[in-house]
Amino acid sequence: MLPRLVSESRLWRGLTHPWTRRTVRILRTGALGAGIFGAGYSYGVQSCMDDPEGMGKSILRQVLRTNANGTELLDAGQPESLLVTRIGQDLLVAARKHLSQELDETTDPAEKERLTARLRALQKPSWRFVVIDNDTVNAFVTPFLPGFVFVHRGLLKTFEHSTEQLAFVIGHELSHYVLEHGSADTALRGALSLFQLVVLVAVDPTGILALLAELGVMGHVLSLMVELPSSRQHETEADALGLQLCARSCYDPRVAIKAHERLAAVELGHGGASDIHHLVSTHPATATRIDDLQHQMPAAMALYEGNGCHARKRILLRALRLFDH
């Protein structure tokens, strides 16, 4: 009699309801995923604490393997390396000024804390702007190795006649770090992976979704709907901030448009996709990026003029002429 009463009770029916069991499965899966992530994170932190220099070198080798086929860095004393370092340090100073201004203007405590942490990271003396001895046209930053901006030697060749265009590209990459895009991308990919896992556990009684996941279809759909739009938005934001950093550093912001046109020509010359495919691309269409920059140009030029850049350049040009004589 007692077992029957228990089995017919409201509590028992709730516990044995299919949705209850499904919820338990979701929570259990989420906890498992979080546990795996936490274990990996803890291992990484412990490794950094035990041997920070060795861990840094190991990450650097992995970054070079992944992004440059294992190509080595140019020596820091090479002219190309010295040029990139000089431009990078100019832009780094501008980025600090930008964050300091934002910090002064915000009243939100959480935003103040975030900006303070980001400014503190930019003020560390360990920042390195390095050249990879690789002929591909590329530059990047990675959240796995903060404090590094990587520039391929092929990019230097592309902009060998325009230091200011090169400065915009480096400023664009530094802006990704300032805006914390790498951390956001990593968090988004982790969330999407966990989402796929939870969906498979919760709402896939037929196994169809599992099959799609096995074939990679689900991942492609989520990438198309979530990751790629986010990536394109990040590129637009990095363009905008890169423009400001150039203006603050007295690199003419108007060259940003020419830099995009040059990069688009290089990509097209290597068989790259045309702008019609930008919806399935990590980057916005070149025409869209140029249009956005043109709208932002008046503010950037006001910043450029406000810094007295024209006057400073005239003084420098006059000094160079006197030196030549």
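Colleague: Leaving aside neighbours within four places in sequence, which residues is Ala 121 in contact with?
Modeller: This is a predicted model, with residues numbered from 1 along each chain as its sequence is written. Local features need pLDDT of at least 70, side-chain atom pairs count only at pLDDT 80 or more, totals for chains, interfaces and linings use all residues, and side-chain values use heavy atoms, with hydrogens and water left out. Contact means heavy atoms within 4.5 Å. By that rule, the partners of Ala 121 are Trp 127 and Tyr 177.

Colleague: Does Ala 121 count as buried or exposed?
Modeller: Buried means under 20% relative accessible area, exposed means over 50%, and partly exposed is in between, using a 1.4 Å probe and protein chains only. Ala 121 has 14% relative accessibility, so it counts as buried.

Colleague: Which residues of the largest nonpolar core touch the most other members?
Modeller: A nonpolar core is a set of buried Ala, Val, Leu, Ile, Met, Phe, Trp, Tyr and Cys residues joined through side-chain atoms within 4.5 Å. In soluble globular proteins, nonpolar side chains tend to be buried together. The largest core here has 47 residues. Those touching the most other members are Leu 122, Trp 127, Ile 170 and Leu 174.

Colleague: How far apart in space are Cys 246 and Ile 170, C-alpha to C-alpha?
Modeller: Cys 246 is found in helix 11 (residues 217-248). At 1% relative accessibility, Cys 246 counts as buried. In sequence, Cys 246 and Ile 170 are 76 residues apart. In space, C-alpha to C-alpha, the distance is 9.5 Å.

Colleague: Which residues does Cys 246 touch, not counting those up to four places away in sequence?
Modeller: Sequence neighbours up to four places away are set aside. That leaves Leu 91, Ala 167, Phe 168 and Tyr 251.

Colleague: How is helix 8 oriented relative to helix 12?
Modeller: Axes are lines fitted to C-alpha atoms over the stretch in contact, and angles run from 0 to 180 degrees between N-to-C directions. Helix 8 (residues 163-178) and helix 12 (residues 255-269) pack at about 85°, with axes 9 Å apart. Under 35 degrees is roughly parallel, over 145 roughly antiparallel, 65 to 115 roughly perpendicular, and the rest oblique. Therefore helix 8 is, relative to helix 12, roughly perpendicular.

How values were computed: Helix = DSSP H or I, 4+ residues; strand = E, 2+ residues; numbered from the N terminus.
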